[in-house]
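Dear colleague,

Please find the structure we discussed below.

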Amino acid sequence: MATDTQTLIGANEEDEIDMDVKEEDNEDRVSGEKHISAQIMLGAEGVMMTSTSGQFQTQQQLQEQVSSPGAGAWRSRPLEEKERTKLRERHRRAITARILAGLRKHGNYNLRVRADINDVIAALAREAGWVVLPDGTTFPSRSQGSRPADGTSAGMTSSASQMLSQQAPPNSLQGVSSGYCTSVEYNACHMKGAFMPTPSPYDLSSSAHSQSSDMVGNGGEKTESLPLIAGSMEAINDKQIIGLPPKLPERDFAGTPYVPVYVMLPLGVINMKCELVDPDSLLKQLRVLKSISVDGVMIDCWWGIVEAHASQEYNWNGYRRLFQMGRELKLKLQVVMSFHECGGNVGDDVFIPLPHWVAEIGRSNPDIFFTDREGRRNTECLSWGIDKERVLRGRTAVEVYFDFMRSFRVEFDEFFEDGIISMVEVGLGPCGELRYPSCPVKHGWRYPGIGEFQCYDQYMLKSLRKAAEMKGHNFWARGPDNAGSYNSHPYETGFFCDGGDYDGYYGRFFLNWYSQVLINHGDLVLSLAKLAFEGTCIAAKLPGIHWWYKTSSHAAELTAGFYNPCNRDGYIEIAEMLRKHGAALNFACAELHSLEQREDLQEALADPQGLVRQVLNAAWDACITVASENAFHCHDRVGYNKILDNVKPVNDPDGRHFSSFTCLRLTPLLMERHDFTEFEWFVKGMHGEAVVDV
């Protein structure tokens with residue numbers, strides 16, 4: 001018998017190309033056996049992959065073995081034929097490696113490091129909305145019925161499928177449509193989303209994924225219906241031909257409102273010495289962005305860099321050089337006052353702590369940081385309990401924030417006067433968002449845990465005791481003792497379960513106090529920001545915490561500070577607070593609807609679209625401006641179409657749309673030729689220009 005040959009498909013393409021094929025020997029000792037497996041067409045010209053107990057042989061070899069006169073015994077092949085087999089196998093593996101690399105790079109498929117073709121097929125099946133058991137058994141989900149519906153698939157042709165179709169020989173494979181949604185990591189401590197008032201033609205729902213055409217064989221009999229292949233299939237000369245489905249019509253954005261497009265700059269564009277990193281390379285990239293009419297860039301001004309070493313000693317040197325570069329290129333600037341730590345969240349590739357002098361105070365007085373029930377401190381940002389406590393070298397936390405913003409306003413006065421700085425986003429909590437740090441990854445939180453209340457530093461407890469005394473119930477001056485831990489589920493706790501304590505007398509008191517502290521913090525800081533940046537738009541950022549939204553308690557929102565159970569709207573008060581200061585809402589909801597069909601969201605009883613509608617309705621009812629950004633990288637046409645549909649809702653009776661969109665993020669990947677061409681197409685759509693393929 002021939003020895004088994006292992007096909008190892010990994011992350012490194014060169015490794016795959018250089019893998020040697022083991023010699024197949026002792027073939028002449030095996031007689032009377034012919035094991036020919038099912039053939040899988042990979043789309044490479046003249047290459048067919050067959051499997052029999054780990055053996056891979058080409059179609060040509062199989063035909064020779066079957067048609068040879070001595071078919072009763074396997075003949076020993078000449079050395080030259082073995083060498084040709086090696087070359088064909090290396091070529092096949094190289095093509096397979098490129099396909100996998102494309103799926104990872106352009107399709108965001110989360111394949112394991114040493115994936116094989118079975119992993120790819122399983123991933124495609126799951127993305128199509130089917131269930132794949134550990135033993136490989138595959139069947140439609142309950143919502144799809146016993147089998148896919150007849151007709152062509154509604155799946156979109158992705159960049160990965162385009163790569164496959166380009167490599168296919170014209171006589172064997174015309175096209176493949178993958179029909180996938182972008183994969184997303186859920187271990188981030190804040191989740192994002194997209195506004196979808198009505199289904200978009202680019203919304204790949206579970207029902208759309210499940211539809212596939214019935215495939216007809218040579219004899220006209222119906223064969224197994226495969227959900228992974230979209231389009232029609234026909235047999236010509238004993239070969240099955242797969243036809244691509246018709247391309248879905250794209251919405252014409254010509255004449256739609258002009259929405260400015262900004263691009264976030266890299267987190268490490270300014271180093272810890274407040275120096276501009278690699279200005280020449282950055283200047284070239286900014287010129288390229290300007291060449292496609294990008295309106296501006298977003299920059300984080302880090303408190304931990306500018307006021308790093310001593311209280312009220314500010315160093316703006318690197319930012320001044322960066323702002324001058326933007327002014328020369330006539331790029332607008334969105335500036336973020338970042339009063340939090342950088343480095344503990346998904347996507348953070350640099351570490352920027354809070355100022356050193358603040359860390360020194362924290363070592364002697366750790367209660368300046370948010371604290372959970374077990375006494376663990378979170379150094380990502382300062383507790384709101386010290387907003388009015390003079391514990392920072394004689395200043396309150398709010399005074400520290402105001403002095404920082406006032407220094408920035410004075411330092412860059414000419415940029416404000418010239419209108420170069422178009423908006424200032426004020427950091428109000430972890431990740432710059434208005435929320436409690438209820439889901440810290442460094443403390444062990446993982447999606448879809450409910451998180452924990454962060455109110456156990458001495459200053460927050462002091463505020464809680466005062467609130468309980470005003471109610472006349474001193475015994476309420478405590479946090480809930482049955483609210484579970486970071487990774488609990490609502491039904492596992494006495495506080496968040498249906499009919500739990502969250503809706504009792506004490507629960508309503510505690511949650512009202514907890515959420516009011518959040519609103520008061522935003523109110524106080526934004527009032528000072530409005531004073532410092534008079535005449536310039538200010539904004540606050542809100543997270544999209546959508547898991548457990550379909551439960552009665554909305555536990556994950558409650559621990560984050562949003563008092564939004566099923567019988568109460570917790571976002572109206574926040575919208576009213578923003579309207580009071582004329583502040584815009586930056587809600588990172590550009591792609592949240594694309595998460596809708598993931599199984600882990602269904603298990604977490606999440607409702608991304610429901611959350612987005614509630615938040616946006618509260619904002620628009622309060623007549624405040626809404627801006628948006630994407631939480632995950634997007635470089636493909638399907639994703640850009642979804643964002644365009646969300647930013648400019650086609651059927652809004654009042655013609656409402658987002659005021660601006662900020663793209664995550666300026667990276668080498670964005671600047672690659674294909675991705676940049678797609679981004680240029682997206683910018684034209686945002687600007688209301690005629691959108692054509694570029």
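Strand 15 and strand 16 (residues 661-663) pair in the parallel sense over two bridges. Helices (H or I, at least four residues) and strands (E, at least two) are DSSP runs, numbered from the N terminus, and two strands pair if DSSP finds at least two bridges between them. From strand 15 the chain crosses through helix 19 (residues 637-647) to strand 16, in a right-handed β-α-β crossover. Right-handed means that, with the strands pointing away from the viewer, the path from the first strand over the helix to the second runs clockwise.

This is a predicted model, in which local features need pLDDT of at least 70 and side-chain atom pairs count only at pLDDT 80 or more, while totals for chains, interfaces and linings use all residues. Residues are numbered from 1 along each chain as its sequence is written, and side-chain values use heavy atoms, with hydrogens and water left out.

The chain as a whole

The chain contains 20 helices and 16 strands. Of its 694 residues, 56% count as buried (under 20% relative accessible area, with exposed meaning over 50% and partly exposed in between; 1.4 Å probe, protein chains only). Among contacts (heavy atoms within 4.5 Å) between residues at least 6 apart in sequence, 74% join residues at least 24 apart.

The barrel

Eight strands form a closed barrel in the order 7-8-9-12-13-14-15-16, with parallel pairing. On average, neighbouring strands of this sheet are turned by 30 degrees against each other, direction ignored. Axes here are lines fitted to C-alpha atoms, for helices over the stretch in contact, and angles run from 0 to 180 degrees between N-to-C directions.

Strand 9 (residues 332-338) runs parallel to strand 12 and is joined to it by five bridges; Met337 has Val426 as its bridge partner in strand 12. Helix 9 (residues 317-328) lies across strand 8 (296-302), strand 9 and strand 12, at about 175 degrees to strand 8. Helix 14 (residues 505-532) lies across strand 12 and strand 13 (537-542), at about 155 degrees to strand 13.

Val426 is buried, with a relative accessible area of 0%. Leaving aside residues up to four places away in sequence, Val426 touches residues including Met337, Met405, Leu526 and Ala539.

Strand 15 and the annotated site

Strand 14 (residues 584-587) also pairs with strand 15 in the parallel sense, over two bridges, and Val626 is the bridge partner of Leu585. On the other pairing, Glu629 has Thr662 in strand 16 as its bridge partner. Both faces of strand 15 (residues 626-629) are covered: Val626 and Ser628 on one side, and Ala627 and Glu629 on the other, are all buried.

An unreviewed UniProt entry lists Glu433 and Glu629 for "active site". They span 197 residues in sequence, yet no two of their C-alpha atoms are more than 13.1 Å apart, so they gather at one spot. UniProt positions are given in the numbering used here, feature names are shortened, and annotations may be inferred rather than shown by experiment.

Glu433 sits in the loop between strand 12 (421-426) and helix 13 (458-471) and is buried, at 0% relative accessible area. Glu629, in strand 15, is buried at 4%. The Glu629 side chain makes a polar contact with that of Lys541 (2.8 Å); such a contact is a pair of N or O atoms within 3.5 Å, where within protein one must be able to donate a hydrogen and the other to accept it, and residues adjacent in sequence count only if both atoms are side-chain atoms.

With kind regards
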